[in-house]
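Hi there,

Here is the structure I said I would pass along.

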Amino acid sequence: MLFGLKIKNIFFILVGSAIFSFGIVHFNMQNNLGEGGFTGITLLFYFLWGWDPAISNILLNIPVFFVGWRYLSRNTFIYTIIGTVAVSLFLRVFQISPFPTYLQSDMTLAALFAGVFIGVGLGIIFRYGGTTGGVDIIARLVNKYVGWSMGRTMFLFDFVVITTSVFTSLELIEGMYTLVAVYIGARVIDFIQEGAYSARGATIISNYSNQIANQILQDMDRGVTILDGRGSFSKEKQDVLYCVVARNEIVRLKNIINGIDPHAFVTVSTVHDVIGEGFTLDENKNPIND
């Protein structure tokens with residue numbers, strides 16, 4: 001810890017800033033692709049008048065910092081300062097000695113790589129508590145008070161900026177490829193925010209609920225929650241089991257259920273993030289990955 005800040009968070013915010021800036025310089029700037037938000041505005045200035053995005057990024061974000069100071073927590077605000085400054089520094093570094101990507105003849109590939117690099121970079125920054133200023137701050141506030149995902153909010157802002165860019169500095173085809181890159185970036189952000197790890201949640205309705213629950217505990221060492229249910233047609237009370245397992249354990253779970261009650265009603269859903277015993281905590285409630 002450093003003044004209440006986590007070194008791990010600072011490190012990954014710097015890593016995310018580097019990935020994001022690399023994508024901007026090598027795929028957006030080299031292939032005349034725009035972006036959304038404040039980054040899109042800095043690229044608009046670059047394409048129109050040759051202004052350095054590293055400098056305009058800082059200048060545009062100064063007014064937004066006052067909003068962040070008012071509405072963001074102390075740590076988030078400091079992480080935001082770190083992320084914004086790091087992006088500008090990495091933009092400057094990558095512009096000093098960039099290597100050509102030679103993707104002008106394949107704009108689809110350029111858009112895909114731009115979206116992936118920007119999405120991964122921003123996703124890492126968001127996941128570790130930071131932002132890169134600008135629309136990132138607005139997206140975080142909307143996520144906190146309205147409930148929209150950050151990727152969705154950013155996509156709406158991006159659309160406005162890109163539309164403006166098409167009428168000023170981009171050709172129509174470049175604007176269309178930019179939209180592809182922005183959409184991919186938004187999806188990647190949400191994927192990283194929700195968690196790359198994907199578990200499975202199973203809801204089980206059976207007349208043999210106790211046997212199934214005991215077998216799951218014995219064979220898979222997974223806990224099962226027993227909920228009180230009632231059939232809407234029969235009006236009879238019925239136990240409902242809920243269990244979360246790793247993705248590679250779902251076949252074992254189905255085999256256990258089928259071996260006890262082949263007529264059980266089972267639904268399986270994707271779980272993007274799991275916090276608790278057996279996943280992030282051990283049996284003594286200690287963090288597994290610390």
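Let me start with Asp190, which counts as buried at 10% relative accessibility (buried means under 20% relative accessible area, exposed over 50%, partly exposed in between, with a 1.4 Å probe and protein chains only). Its partner is Arg187: the two side chains meet in a salt bridge at 3.6 Å, N to O (a side-chain nitrogen of Lys or Arg within 4 Å of a carboxyl oxygen of Asp or Glu). Arg187 is partly exposed, at 47%. Both residues lie in helix α8 (residues 172-194), three residues apart, about one turn of the helix.

A note on the source: this is a predicted model, in which local features need pLDDT of at least 70 and side-chain atom pairs count only at pLDDT 80 or more, while totals for chains, interfaces and linings use all residues. Residues are numbered from 1 along each chain as its sequence is written, and side-chain values use heavy atoms, with hydrogens and water left out.

In total, the structure holds three salt bridges. Another one joins Arg92 and Asp52, at 3.0 Å from N to O. Arg92 sits in helix α4 (residues 74-96) and Asp52 in the loop between α2 (37-49) and α3 (53-71), so this pair ties together parts 40 residues apart in sequence. Helices (H or I, at least four residues) and strands (E, at least two) are DSSP runs, numbered from the N terminus. Arg92 is partly exposed at 38%, whereas Asp52 is buried at 17%.

Then there is Glu249 with Arg222, whose closest N and O atoms are 3.1 Å apart. Glu249 is in the loop between β3 (237-245) and α10 (250-260), and Arg222 in the loop between α9 (209-220) and β2 (225-230), 27 residues apart. Glu249 is buried at 12% relative accessibility, and Arg222 is buried at 12% too.

Best wishes
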